[in-house]
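Take a moment with the sequence and the model.

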Amino acid sequence: MVSAATGSSQPARGQESARSGLIVTVLGLLAAIQIADPFISSVALVRASDGLEFTAAQQSLAAGISTFALAATVVFGGVLADRLGRKRVLVASILVSSAGQLITALSPEPTVYFLGRVITGIALGATFAAAFGMVRDVVPEAERGPALAKFTIVGTIGPLTLMMIAGPVAQWDWRIAYLMLPVLSAQSSPFPLTILPSITTDAG
């Protein structure tokens, strides 16, 4: 009886492990969007600066404004994910970041460009916090090391690939470069909606 029960539980554990691996891959892809955004912006900034006629001070501000907004709000994004649910915050943050990137791509002058970059940075801070937190939620502690390694690898390879593509695109049209992530987000939106579990953490 014990052997039969053990044998029947192995396929279930295998299915659970496979699903956890798929979830971690999706979370890594979402984190990749957050990591790719400043990479793409850095290669598009020179052309954007020329097109919008940035002053030297504006160009310096443009180089770091999104990262500053992300760093200033990432902790709040994690708290929000704890209270409202990681899946809900992940989906909302990707939508809001895409809106920010669209504002940036369509900006007619520097102020609108900065607004788009700030919106994007704030939203992507929540993206990373919620994605990283969900890895801990869906993966057993004994398997968390390999899962976090996979999360990191997926979140690193994707941005490097996108940056190599964004370089030539930005040389052609910097606005198209800023549209790359919204298009990618739209195409990949079914995955977080259908694959990620709904998890709410009691924040006390």
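Which backbone nitrogen does a side-chain oxygen of glutamate 109 reach at the start of α4? That nitrogen belongs to threonine 111, and the oxygen comes to within 3.0 Å of it. Keep in mind that this is a predicted model.

Now follow α4 along its length. The helix covers residues 110–138, which is 29 residues. At 1.5 Å a residue, α4 should span 42 Å.

Next, look at how helices pair up. Two packed helices are described by the angle between their axes and the distance between the axes.

Start with α3 and α4. Their axes lie 7 Å apart, at an angle of about 155 degrees. Angles over 145 degrees count as roughly antiparallel, so α3 and α4 are roughly antiparallel to each other. Their crossing is left-handed. The contact of α3 with α4 holds 14 nonpolar, nine polar and five charged residues.

Helix α3 (residues 86–106) also packs against helix α6 (residues 174–188). Here the axes come within 8 Å and cross at roughly 165 degrees. That angle makes α3 roughly antiparallel to α6. This crossing, too, is left-handed. On the α3 side, the residues in contact are Ile94, Ser98, Gln101, Leu102, Thr104, Ala105 and Leu106. They meet Trp174, Arg175, Tyr178, Leu179, Leu181, Pro182 and Ser185 in α6. By class, nine residues of this contact are nonpolar, four are polar and one is charged.

Helix α2 (residues 56–84) is another partner of α3. How are these two helices oriented to each other? Their axes are 6 Å apart and the angle is about 130 degrees. The pair is therefore oblique. From α2, the contact uses Gly77, Leu80, Ala81, Asp82 and Leu84. From α3, Arg86, Arg88 and Val89 take part. Sorted by class, the contact of α2 with α3 has four nonpolar residues, one polar residue and three charged residues.

How values were computed: Residues are numbered from 1 along each chain as its sequence is written. This is a predicted model: local features need pLDDT of at least 70, side-chain atom pairs count only at pLDDT 80 or more; totals for chains, interfaces and linings use all residues. Side-chain values use heavy atoms; hydrogens and water are left out. Helices (H or I, at least four residues) and strands (E, at least two) are DSSP runs, numbered from the N terminus. The expected span of a helix is 1.5 Å times one less than its number of residues. A polar contact is a pair of N or O atoms within 3.5 Å; within protein, one must be able to donate a hydrogen and the other to accept it, and residues adjacent in sequence count only if both atoms are side-chain atoms. Axes are lines fitted to C-alpha atoms, for helices over the stretch in contact, and angles run from 0 to 180 degrees between N-to-C directions. Angles under 35 degrees count as roughly parallel, over 145 as roughly antiparallel, 65 to 115 as roughly perpendicular and the rest as oblique. A crossing is left-handed if the near helix is turned anticlockwise from the far one by less than a right angle, and right-handed if clockwise. Contact means heavy atoms within 4.5 Å. Ala, Val, Leu, Ile, Met, Phe, Trp, Tyr, Cys and Pro count as nonpolar, Asp, Glu, Lys and Arg as charged, and the others, Gly among them, as polar.
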